[in-house]
Amino acid sequence: MPVRNPRPPGDAATRPAAMCAAAALRPTEPLPLPSGLSLSPRLKLLLTFFRADLTVRPLDEWQLKSALLAFLRDPPLSLPILPDSDLSVRRLPDLQKRRREEPVASGVLHVRDLSFLRPRKGDGEAEGMAPEQEEAKYFEWRSSLVKKLEGIELNLEGVKFRMTVEIPPSDDFRAMKKSWEDFYSSELLNSRNPVRKIAKRPDTVIVRGVPSRWFAETRVSSKPSTLVTHTIFSALGKIRTLNIANDDELEAKEDAANKELVSGLNCKVWVQFESYDDFQDAMKALCGRSLEKEGSRLKVDYDVSWDREGFFRIAQYEPSRSNIGEKDASATVHGRKKHYSSRIESDHRKRFRD
């Protein structure tokens with residue numbers, strides 16, 4: 001069940017500074033979080049490959065990746081510090097059954113070194129650059145890179161492939177902001193009741209595909225803890241309530257894009273913020289970044305979105321369950337199952353009984 005603002009000791013004193021850090025965060029800056037976590041900036045692009053000629057020769061993934069890496073590292077792109085591991089190419093199944101206009105392979109490109117976009121010391125003009133100017137510079141570079149990569153042809157020993165490029169929806173903050181503005185504008189116009197014609201704005205962030213053990217109490221449990229999760233997300237703004245569930249739906253999907261996320265024990269977190277400004281700052285900080293943990297080489301590309309279904313409003317009217325029923329209980333919200341962790345709820349009741 002949703003947990004309402006379990007504030008850890010000392011949280012009130014550190015929250016204002018943390019909120020200022022999230023609000024003033026530049027697109028190329030990392031954001032440190034509690035529990036040794038951090039949000040590291042990176043650009044993620046989804047690649048799709050099509051045949052550009054009439055050949056039916058088999059697709060060699062290694063050749064395709066090598067040719068694309070050479071193109072990215074050489075002029076005019078010359079992407080700095082691009083390890084082989086930051087580009088993945090995967091052949092799609094059943095190529096013999098696919099039509100000629102259908103894709104034959106997909107891939108993911110990460111550009112993690114964005115230091116060349118940051119203001120340099122000694123450059124007076126760059127050091128005096130406002131956050132809005134640096135943000136505009138970043139988006140201009142990103143758009144330019146996408147345009148240069150869109151529609152290129154790769155020649156692999158006489159076999160040609162055409163590539164298309166797409167920015168993931170969860171990485172495009174501007175597009176996501178427009179989506180919720182259009183959603184609530186449409187909802188306002190479609191309302192026939194003049195009393196209900198009040199402008200609404202979102203307040204809940206949904207993060208999925210993050211390792212449960214990173215949100216757990218160290219040396220206590222591998223399951224996510226409400227206290228730890230609240231402490232981590234409080235760095236993004238003042239929280240009204242939050243909910244944690246096992247991300248079983250993500251693990252069950254066979255979508256190739258979702259396989260890039262961490263497999264195994266993932267969790268899904270709903271975080272409702274006190275104000276729209278905190279919600280917007282949190283969305284902006286989460287978009288276009290990977291979650292990393294000190295001492296681990298793992299870089300988690302989580303999925304972030306905003307709640308348009310009113311998760312906490314629906315949960316408020318759900319019938320209360322007994323402790324026994326909560327253990328394996330599941331509820332359905334708009335046809336989707338959400339699985340509650342009894343350990344998380346019991347921890348909350350034990351810690352905040354007084």
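**Entry 1: ground rules.** I count two strands as paired if DSSP finds at least two bridges between them. Helices (H or I, at least four residues) and strands (E, at least two) are DSSP runs, numbered from the N terminus. This is a predicted model, so I kept to its thresholds: local features need pLDDT of at least 70, side-chain atom pairs count only at pLDDT 80 or more, and totals for chains, interfaces and linings use all residues. Residues are numbered from 1 along each chain as its sequence is written, and side-chain values use heavy atoms, with hydrogens and water left out.

**Entry 2: overview.** I noted 11 helices and 15 strands in the protein. Of the 354 residues, 45% are buried; buried means under 20% relative accessible area, exposed means over 50%, and partly exposed is in between (1.4 Å probe, protein chains only). I then looked at contacts, meaning heavy atoms within 4.5 Å. Among contacts with a separation of 6 or more, 71% are between residues 24 or more positions apart.

**Entry 3: confidence.** pLDDT is the predictor's confidence in each residue, from 0 to 100. The mean for the protein is 81, and 74% of the residues reach 70 or more. Where does pLDDT stay under 50? I found residues 7-15, with 13 contacts beyond four places in sequence, and residues 254-264, with 17 such contacts. Where pLDDT is low, the predicted coordinates should not be read in detail.

**Entry 4: an open sheet.** I followed four strands in the order β1-β2-β11-β12, with antiparallel pairing. β1 (31-32) and β12 (299-300) are at the edges with a single partner strand each, so one side of each has no neighbour in the sheet. β11 (residues 289-293) pairs with β12 over two bridges, in the antiparallel sense. Which residue of β12 is the bridge partner of Leu291? I noted Val300.

**Entry 5: the helix across the sheet.** Helix α8 (residues 276-286) lies across β1, β2 (37-41) and β11, and runs at about 80° to β11. Axes here are lines fitted to C-alpha atoms, for helices over the stretch in contact, and angles run from 0 to 180 degrees between N-to-C directions. α8 is mostly covered, with nine of its 11 residues buried; among them are Tyr276, Phe279, Met283 and Leu286. Gly288 follows α8 and has a positive phi, near 75°.

**Entry 6: α8 against α5.** Two packed helices are described by the angle between their axes and the distance between the axes. For α5 and α8, the axes come within 10 Å and cross at roughly 145°. On the α5 side, Phe173, Met176, Lys177 and Trp180 make the contact. On the α8 side, I listed Tyr276, Phe279, Gln280, Met283 and Lys284.

**Entry 7: salt bridges.** I used this criterion: a side-chain nitrogen of Lys or Arg within 4 Å of a carboxyl oxygen of Asp or Glu. How many does the whole structure hold? The search finds 15.

- Arg42 and Asp171 meet at 2.5 Å, N to O. The pair links distant parts of the chain, 129 residues apart: Arg42 is in the loop between β2 and β3 (43-51), and Asp171 is in the loop between β7 (159-166) and α5 (173-190). Are these ends buried or exposed? Arg42 is buried at 1% relative accessible area, and Asp171 is buried at 8%.
- Arg91 and Glu61 have their closest N and O atoms 4.0 Å apart. Arg91 is in strand β4 (residues 87-91) and Glu61 in helix α2 (residues 61-73), 30 residues apart. Arg91 is partly exposed at 40%, and Glu61 is partly exposed at 31%.
- Arg240 and Asp203 meet at 3.8 Å, N to O. Arg240 lies in β9 (residues 239-246) and Asp203 in the loop between α5 and β8 (204-211), so this pair ties together parts 37 residues apart in sequence. Arg240 is partly exposed at 30%, and Asp203 is partly exposed at 22%.

**Entry 8: one serine.** Last, I checked Ser106, found in strand β5 (residues 105-111). Ser106 is buried, with a relative accessible area of 18%. Leaving out residues up to four places away in sequence, Ser106 touches Leu47, Thr48, Phe49, Ser88, Val89, Arg90 and Leu92.
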